[in-house]
Amino acid sequence: MPDYDAIVIGSGPNGLAAAITLAEAGCSVLVIEASDTIGGGTRTKELTLPDFKHDVCSAIHPLAVSSPFFKQLGSKLAQFGLEWVHPDAPVAHPLDNGDAVIVERDVAKTAESLGADATIYKQLIGAMTDNYDKLLNDFLAPLKIPRYPLHFASFGAVGILPASTFTKLFFREERTRAMFAGMAGHSLQALENPATTAIGAMLLMLAHAVGWGMAKGGSQAISNAMVAYLESLGGEVRTNWHVQSLAELPSAKKILFNTSPQGLLNIAGGALPSLYKKRLGNYTYGAGVFKIDYALSEPIPWQNPEVARAGTVHLGGTFKEIAYSERLAVEGIHCDKPYILLAQQSLFDDTRAPAGKHTGWAYCHVPHGSTRDMTDIMENQIERYAPNFRDVVLERHTMNTLAFERYNPNYIGGDINAGVQDLTQLFTRPVIRLSPYTTPNDKLYLASSSVPPGGGVHGMGGYWAAKEALKTM
């Protein structure tokens, strides 16, 4: 008899989702984590000063709030301390001269601020929002016949467009186009790429449907609740174990890798055929990130006070500016006015910082493997919309792409999506197979952001991989 039914290597959200799915099916499960703490992309640490809690990677979680896996476990994870905090407004997009687009939870209220685009926004985004659960059911799944084909086809007809084309066809106001650029910029691609509209539209839809929530106390709370629930099912977790080869593992019927394809090759390459290994070697990793965490003496002094109502802020100005910034990053060029994703969690969660103090979380996209210090460039961009921002900075902590890869080996070259999510690698990542979660070795599975549906804290990559493994347990 094997020691375990399944071993999961890596304790990120997908790895823990796989382990929970297997344990709920009655399997004995061991999760192995190389770091001294569990969590992968959902960890929280005191990176700057004592009692300032910073999310090391992922910080804002619309996909976790809405994904079928997390919705199914909602009450169970709540019993183990997971609580979602929702800002007054999900997202703000400051513009020059003190203007700003505020994405409210309410579609109609958001549309009111979009001038000539109000009607089309309510019709288009409103329809998506009304059917968000149906769309997510198919979007957060492997490529298959859609469960809701009419809704999926309707979304896909628009989503397949490059964000640059979509905004020209549907929006007349520059402020609406700018706001959508901030949404589509999460794709970590040039906005002229096909299907970048799908990423932006999905995130905008979720802003209205479920909000862009954050975990109270930090993203680590997600990992902690998942592990606590897993252990209540009899699962085991071991940290500080950097697996080098299959030979060192206990015996198991199935081994699931919450790793990049490169991680799978490093550990199990000898157990895989050469053609499959060659195909994994051709998997494409994308642009990286440069991130700054801030300990602040007071809230960010936005020129437009309404921006403080939002948990997430997109900085970068117009559509043209953001598209230029993103194009440069994927072409291997640094931008002097980068698109920045910024979160201000402590405005809505007072557990993040000492009384009266605050945190800031910000990153921009940079070329794959970049080592350039982007601190001054990023802070110049922040001060464009928050004059004298530097005056409230008590301490800062920076991470370039190499630091991200050291923090999490899945982030090759600083790519936090563990692989480009363009049209060629959206549903077929990491290689084209009937099931992308399987490998030619029927004992080994891939359960990470490098399989559909890709990056984000949703757990669905791990869930689908576990479901595939259970078919032959």
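This is a predicted model: local features need pLDDT of at least 70, side-chain atom pairs count only at pLDDT 80 or more; totals for chains, interfaces and linings use all residues.
A salt bridge here is a side-chain nitrogen of Lys or Arg within 4 Å of a carboxyl oxygen of Asp or Glu.

**View 1. Aspartate 55 meets arginine 352.** Here the closest N and O atoms sit 3.2 Å apart, which makes the two residues a salt bridge because the cut-off is 4 Å. Aspartate 55 belongs to strand 4 (residues 54-55), while arginine 352 is in the loop between strand 13 (340-343) and strand 14 (358-366), so this pair ties together parts that are 297 residues apart in sequence. Buried or exposed, these two, aspartate 55 and arginine 352? Both are buried.

**View 2. Lysine 76 pairs up with glutamate 24.** This salt bridge has its closest N and O atoms 3.7 Å apart. Lysine 76 comes from helix 4 (residues 74-79) and glutamate 24 from helix 1 (residues 13-24), so the contact ties together parts that are 52 residues apart in sequence. Lysine 76 is partly exposed, at a relative accessible area of 31%. Glutamate 24 is partly exposed too, with 33%.

**View 3. Lysine 471 bridges to glutamate 468.** The closest N and O atoms of this salt bridge are 3.5 Å apart.

**View 4. Asp88, Glu104, Glu306 and Arg309 form one network.** What joins these four residues? Salt bridges that share partners link Asp88, Glu104, Glu306 and Arg309 together.

Methods. Residues are numbered from 1 along each chain as its sequence is written. Side-chain values use heavy atoms; hydrogens and water are left out. Helices (H or I, at least four residues) and strands (E, at least two) are DSSP runs, numbered from the N terminus. Buried means under 20% relative accessible area, exposed over 50%, partly exposed in between (1.4 Å probe, protein chains only).
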